[in-house]
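Colleague: Could you take a close look at one part of this model for me? I'd like the packing spelled out, cut-offs included.

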Amino acid sequence: MWKASGCHWLLTKADSSMNCIRRTILTLDHSVGCHFFSRAASGHSLWQPERRCLLQSFSQSLRSFHSSTARQTSDSEPLPMVKPPGMPTKTLEPYEDFFEQASGGKRDKSGFSKAVKTFAQRDIRKRGHVDFIYLALRKMPEYGVEHDLAIYNLLLDIFPKEVFVPRNVLQQIFNHYPRQQECGVKVLDQMENFGVLPNKETEFLLLQIFGRKSHPMRKYLRLMYWLPRFKNINPFPLPRPLPKDPVDLARHGLERIAADLSARITVYQMPEPEDLGVDPPQPHIVGIQSPDQQAALAQHNPARPVFVEGPFPLWLRDQCLYYHVLRADLLPPEEREDKEIGPERNFYYPMQLDLDLDRGPWDDYEFDIDEVEEGPVFAMCMAGAHDQATLAKWIQGLQITNPALAHIPVVFRLGAIGGELQLAEHQEHQGQQNEQQGEQVSPKEVEEPSLVQIQRQAQN
Amino acid sequence: MGDESGVGQGRVGQINVVGGGRRSGRSESREEVPLASTGQAGGTKQEIEMQVSRMVPKVGLQLLKQGKVSPQSYGSLLGMRATRNYANEAMEGSKSFAVGMFKGQLTTDQVFPYPSVLNEEQMQFLKELVGPVSRFFEEVNDPAKNDSLEKVEDSTMQGLKELGAFGLQVPSELGGVGLCNTQYARLVEIVGMHDLGVGITLGAHQSIGFKGILLFGSDAQKKKYLPKLASGENLAAFCLTEPSSGSDAASIRTTAVPSSCGKYYTLNGSKIWISNGGLAEIFTVFAKTPIKDESSGAVKEKITAFVVERSFGGVTNGPGEKKMGIKASNTAEVFFDGVKVPAENVLGEVGGGFKVAMHILNNGRFGMAAALAGTMKSIIAKAVDHAANRVQFGDKIYNFGLIQEKLARMAVLQYVTESMAYMVSSNMDQGSKDFQIEAAISKIFGSEAAWTVTDECIQIMGGMGFMKEPGVERVLRDLRIFRIFEGTNDILRLFVALQGCMDKGKELTGLGKALKNPFGNAGLLLGEAGKQFRRRTGIGSGLSLSGVVHPELSQSGKLAVGALEQFATVVEAKLIKYKKGIVDEQFLLHRLADCAIDLYAMVVVLSRASRSLSEGHSTAQHEKMLCDTWCIEAAARIQETIASLQSDPQQPQLFRNFKGISQAMVEKGGVVTNNPLGF
């Protein structure tokens with residue numbers, strides 16, 4: 001009865017401007033896929049009361065079975081036909097439990113591909129494959145396969161071949177199998193969003209499934225035009241996936257902030273595996289210092305203290321690292337050596353060109369740039385712990401390469417990890433199109449209590 | 001030497017003096033210009049004055065001339081800071097070809113047609129002088145003897161004084177000959193032809209020694225010193241170099257402390273390698289004086305120029321230095337020990353010594369090129385004489401290709417140097433204030449060409465050339481210093497490249513500003529866009545020398561224009577790439593300067609050969625050959641350099657290697673590698 005009513009509803013809702021027959025086929029296809037009852041949607045006003053009770057009873061009874069939490073439908077939720085405007089309700093996904101079962105509980109690539117393959121082999125007619133693909137797309141980040149080209153190809157492979165290829169001119173002109181085409185486009189869309197470059201196999205699959213003039217194929221061509229051009233757009237590339245080892249991660253982070261090819265990374269302390277139970281625990285300490293910084297530190301006036309400050313956050317993709325800097329205050333103007341080369345310095349040639357070419361012609365020249373002068377930064381480090389004892393070890397390590405540091409008083413100005421990071425993180429995930437990430441966020445950025453906090457000086 | 005005609009001759013020479021005076025007058029009248037607009041904080045009053053004096057209202061003249069912008073529109077360009085230390089004028093109105101070529105412009109005003117500044121009277125006067133001077137050097141002076149004696153013979157000195165050779169450019173009413181720069185160049189050429197040692201003695205005396213008095217001296221100073229200097233009764237010397245200070249003005253240690261009464265300065269310090277240091281009576285000395293900044297009250301040390309007499313007391317000198325060449329000239333250390341210099345002996349303004357030094361050096365350079373052109377002439381004569389008479393394998397050696405190539409190259413180098421020297425001197429006589437790059441180029445080119453020519457002469461002469469008797473080895477020794485003194489060639493190359501880049505950079509800055517108001521500056525921007533478009537599409541900039549170069553030289557003219565376009569493209573690209581940091585890219589600057597020198601040389605010979613062809617000189621066809629030869633080779637050199645700068649991926653590697661190799665050598669204290677034998 002439910003099936004029939006759903007079908008009927010969809011038929012009544014059918015847009016009159018569309019090809020009626022094709023619509024029927026489509027809706028049939030959809031309704032066939034609906035036999036898990038788990039799609040929740042609010043209906044047309046005419047029949048809404050009836051449907052709502054139905055749904056409520058089902059969803060309530062189903063909720064106890066399904067382990068996953070219901071999610072809000074976002075705009076990207078692919079419910080092109082059934083989703084009425086302005087009525088966001090909690091929905092249940094078809095195949096949710098099927099996916100869980102088929103993957104064998106393993107939340108990784110093998111589990112994911114197993115689930116997909118199981119679906120593909122389950123039924124020769126591939127019933128409900130569109131819904132399944134949408135679900136799989138959403139599940140990808142959860143399984144950590146969102147950057148895996150092979151998985152995308154596997155997903156596309158679910159589509160039945162040659163069924164959706166238009167056979168005559170009329171079909172070609174009109175949107176042949178729009179729902180399937182849209183689904184195919186969504187797969188490519190997600191690839192684009194995650195920067196996955198399609199390959200020949202993708203092209204071959206799309207040709208087989210949708211034909212040459214189809215929307216997914218056009219999308220593919222556009223991707224192949226733009227993605228290779230943008231492939232190396234990041235001048236500071238990070239490896240994918242990010243290394244798990246905190247030392248390697250720190251290495252990448254430090255190289256990024258140092259922005260100096262001549263800077264040398266030193267691992268002052270390797271982390272002890274926790275199960276050894278070393279007491280006190282040995283967090284990793286990785287530092288970076290460039291020759292310029294070394295020279296600047298050597299010239300530092302020992303009467304003036306240097307400061308260890310931090311922790312400051314640094315984001316590497318979705319990973320937040322914390323670093324500390326060794327810095328000094330800016331010299332007061334009367335102590336600064338006049339290193340400026342005056343215009344009357346050299347008898348024979350100008351030692352300075354008085355040019356203002358740093359700003360391009362389109363820059364806003366009226367823009368008021370307040371240049372804040374800062375004290376020099378002598379070194380940076382990332383450590384597993386943010387306490388003074390750990391950072392003192394870093395300073396000791398630095399003293400080997402910077403003998404001058406032994407005579408300079410070091411003041412630790414350590415703060416807490418700021419609370420505003422929570423917000424930043426929240427926004428970060430909002431930006432991503434997959435809401436499932438939101439659930440996933442581990443509490444790693446929980447505010448840590450400050451271990452050692454030396455009073456920040458009044459100037460801050 | 002007719003005194004009656006000397007009055008007339010003095011006129012041109014005096015223009016410089018008047019010009020200098022007028023400039024300082026202008027700066028005083030503009031003291032009120034707010035410093036903020038120049039954007040430089042902490043400048044002393046003198047600096048302000050100097051800057052302001054350089055903001056000559058010629059900005060945008062170039063643009064106006066091209067009829068591309070309305071007067072209002074270039075107003076936005078005026079906002080930029082127009083500091084120009086090493087040359088006199090704000091560059092936007094510059095007529096200098098060398099300045100233009102960095103911008104990709106063919107500024108032919110100064111170079112085409114080849115200038116002839118001497119009027120009938122001056123020419124006649126010069127002709128009357130050339131004969132006796134030549135005869136004097138041929139008959140009286142003995143360069144070999146001067147060299148072995150390590151001094152100019154007394155009789156020669158006496159003769160030179162009688163000739164008036166010590167005051168060639170001093171106005172005739174002050175007892176000099178009153179020559180203009182071109183006339184001076186012609187006589188110096190004769191000196192250079194015969195004896196460079198004497199040339200240095202004369203040059204150190206009048207080209208730099210008392211040039212300061214001529215350029216910056218007050219009327220009282222001129223009246224007091226110039227007559228005795230012009231007659232040769234007193235010799236002058238230029239005291240700038242110190243043991244710790246070559247090019248670096250900040251490391252000058254000589255101090256001049258003003259007395260509390262303000263009437264005199266006490267001078268302390270020592271100067272080394274001073275030409276005429278042991279003979280001179282009058283010294284132009286540069287010393288640091290404490291200057292109080294009126295706005296901030298801070299005391300800063302600035303350089304001031306003084307005229308110091310030996311008779312003030314406390315001036316002593318060391319023994320004459322033993323040298324490689326120019327032995328006839330006297331070079332000695334000069335010590336100033338508590339010398340009391342009256343305040344009226346300050347040359348120029350107090351604290352303005354830097355400007356004085358720069359002007360003296362800039363004004364003296366052209367003479368060097370002229371002298372060296374003469375040297376080359378006499379050396380080439382010796383080489384040709386040998387090549388024409390030496391017989392080997394039954395054939396005169398000038399029939400051998402190797403010798404022919406050597407001789408031809410020597411002739412080309414001499415032709416270029418000579419053309420440059422008179423081009424620069426004429427430009428100066430025309431009243432141009434914008435000859436600094438050209439003067440530096442002529443000094444670099446002349447000193448290197450003369451070295452090459454003399455070296456090749458010795459090569460042609462073989463073992464004979466190595467012997468003392470023909471006197472070529474002495475010339476080679478004498479020549480060596482010309483690549484070093486008055487700014488080494490390397491440093492002058494930096495000057496050429498950086499000064500050019502500065503002007504180009506200002507143009508770019510102006511363009512950026514113009515883009516802020518694209519409609520107001522539509523003409524300028526469209527012109528620039530068209531230029532870029534033509535350059536990118538390879539149509540060429542539309543520049544041509546066809547109107548000014550003689551038709552027979554059109555091929556060489558095209559080569560020069562092509563080279564100029566390439567050069568300007570690479571200058572622009574590198575400036576945009578390095579911006580202010582270009583001052584530290586010396587590998588690049590060196591190459592740019594080399595291209596600039598070749599380019600300027602091409603245009604100079606094109607101009608001279610064109611004049612000869614159109615005036616139908618007897619040697620016109622020969623000059624055409626010289627000109628074409630130079631242009632073909634120079635264009636190829638420029639093209640090669642530019643191509644490697646533009647697109648050679650190995651060029652950065654090369655530069656890094658230079659850096660790395662030299663660093664390793666310094667660390668090792670010499671050659672890094674071991675003997676191939678292993679010990």
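Modeller: Axes here are lines fitted to C-alpha atoms, for helices over the stretch in contact, and angles run from 0 to 180 degrees between N-to-C directions. Helices (H or I, at least four residues) and strands (E, at least two) are DSSP runs, numbered from the N terminus. This is a predicted model, with local features needing pLDDT of at least 70 and side-chain atom pairs pLDDT 80 or more. Residues are numbered from 1 along each chain, and chains are lettered from A.

Let's start with a helix pair. In chain A, H7 (residues 149-156) packs against H9 (residues 178-193) at about 175°, the axes being 10 Å apart. So H7(A) is roughly antiparallel to H9(A) (over 145 degrees). A:Leu149, A:Tyr152 and A:Leu156 from H7(A) meet A:Val187, A:Gln190 and A:Met191 from H9(A) (contact means heavy atoms within 4.5 Å). Those contact residues split into five nonpolar, one polar and no charged.

Now the sheet. Six strands of chain A form an open, mixed sheet ordered E1-E2-E5-E4-E3-E6, where pairing takes at least two DSSP bridges. Its edges are E1 (264-269) and E6 (410-414) of chain A, each pairing on one side only. Neighbouring strands are turned by 30° against each other on average, direction ignored. Helix H13 (residues 291-298) of chain A packs on this sheet, touching E2 (285-289), E4 and E5 (377-383), and its direction makes about 120° with that of E5(A). Helix H14 (residues 388-401) of chain A lies across E1, E2, E3, E4, E5 and E6, at about 145° to E6(A). Inside the sheet, nine bridges join the antiparallel strands E3 (residues 306-316) and E4 (residues 319-328) of chain A, and A:Val308 stands opposite A:Leu326 in E4(A).

How values were computed
Heavy atoms only, no water. Parallel < 35°, antiparallel > 145°, perpendicular 65-115°, else oblique. Nonpolar A, V, L, I, M, F, W, Y, C, P; charged D, E, K, R; others polar.
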